[in-house]
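Dear colleague,

I am passing on the structure below, and my notes on it follow. Please read them with the model open beside you.

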Amino acid sequence: MLKDYKIYNEDCLKTMEKLKNSIDLIITSPPYNMTSRPGGDGDTGRYDIYTDWKSEQEYIDWTLEIFNSFDKILKKNSIALYNFSYSIENPSLPYKLVAKIEEQSKFTLADTIIWKKSTGMPFPANKQRLSRNWEFVWVFPRKSEISSFNIHKGISKISEKTGQTYYNIFYNMVDAKNNDSSTKKLNQATYSSELCLKLMNIYCNSNYVVYDPFNGTGTTGYACSISNHKDLTYYGSEISENQVKYSLERISKNVSIIDDF
């Protein structure tokens, strides 16, 4: 549940200048760079403001700038959960992106979670493509914190003979709905609050400050507002004024004390 929240109607790079060393957990899904040109295969009006057609190099450079900002806002041993997938035009981009993040930022890949969706993208007009019903959620800690980053799996037992600690099992495949259906009018590229809650069960704790640099329709913030974790704070960034307004209305229904933002 939330004790406080704020959504900034601005570019996330601007917001992150204000959030230095204050974030416990990032949960986000950036635009996927679906096409390299207006009118391409992925140009389907997925966003009301953002145009999703950077060149590959522009997109990689932009992502690296974002991760450099993550390093400035994340507290020690905190992580980014980064949901990203591919399109018809960019099937290799996710792998290139991870490689560049590893090479040119302070972050490294600690785990790859598979989000098993309830329905897939059929690509019905493409003979060569299989229907995709899963996506990546990448777990990125800093390289220097690969053995110490925060995770809350809980202890299942400690061996009396060896002293070995065993932890509760969480598998790296998560079944969750595609999206919260009510949000699709404003944004056709959302994930689900069910996915966020299942990720938070592993990586979140009470009193955490959670940030989503690509707030969209407020799914991460909404998940925080219905989470069993106590006294969460949520910050989001979103360039679409309409999506900010929608997000605030959506989240405020589950918050007992609503501040004037």
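Is Arg142 buried or exposed? Arg142 counts as buried, because its relative accessibility is 9%, where buried means under 20% relative accessible area, exposed over 50%, and partly exposed in between (1.4 Å probe, protein chains only).

Before the details, a word on the basis: this is a predicted model, in which local features need pLDDT of at least 70 and side-chain atom pairs count only at pLDDT 80 or more, whereas totals for chains, interfaces and linings use all residues. Residues are numbered from 1 along each chain as its sequence is written, and side-chain values use heavy atoms, with hydrogens and water left out.

As to the overall picture, the chain has 6 helices and 10 strands, taken as DSSP runs numbered from the N terminus (helices H or I, at least four residues; strands E, at least two). Of its 261 residues, 50% count as buried.

The structure holds 12 salt bridges, each being a side-chain nitrogen of Lys or Arg within 4 Å of a carboxyl oxygen of Asp or Glu. Asp71 takes part in one with Arg142, where the closest N and O atoms are 2.8 Å apart. Asp71 lies in helix α2 and Arg142 in the loop between β5 (132–140) and β6 (155–158), so this pair ties together parts that are 71 residues apart in sequence. Asp71 also forms a salt bridge with Lys106, with the closest N and O atoms 3.3 Å apart; here the partners are 35 residues apart, Lys106 being in the loop between α3 (93–104) and β4 (111–121). Lys106 is exposed, with a relative accessible area of 52%.

A further salt bridge joins the side chains of Lys117 and Glu135 (2.8 Å, N to O). Lys117 lies in strand β4 and Glu135 in strand β5, so parts 18 residues apart in sequence are tied together, and both residues are buried. Through shared partners, salt bridges join Asp71, Lys106, Arg142 and Glu145 into one network.

Turning to the interior, Leu81 lies in strand β3 (residues 74–84) and is buried, with a relative accessible area of 1%. Leaving aside residues up to four places away in sequence, Leu81 touches Leu25, Ile26, Ile27, Thr28, Val137, Trp138, Val139, Leu199 and Tyr203. The C-alpha atoms of Leu81 and Met200 are separated by 9.9 Å, although the two residues are 119 residues apart along the chain.

Ile155, Ile158 and Tyr167 make a nonpolar patch of about 320 Å²; Ile155 lies in strand β6 and counts as exposed at 53% relative accessibility.

Note on methods. Patch = residues over 30% accessible without salt bridge, like charges linked within 9 Å, V, L, I, M, F, W, Y side chains within 5 Å. Areas by Shrake-Rupley, 256 points an atom, 1.4 Å probe, with all protein chains shown as cover. Contact = heavy atoms within 4.5 Å.
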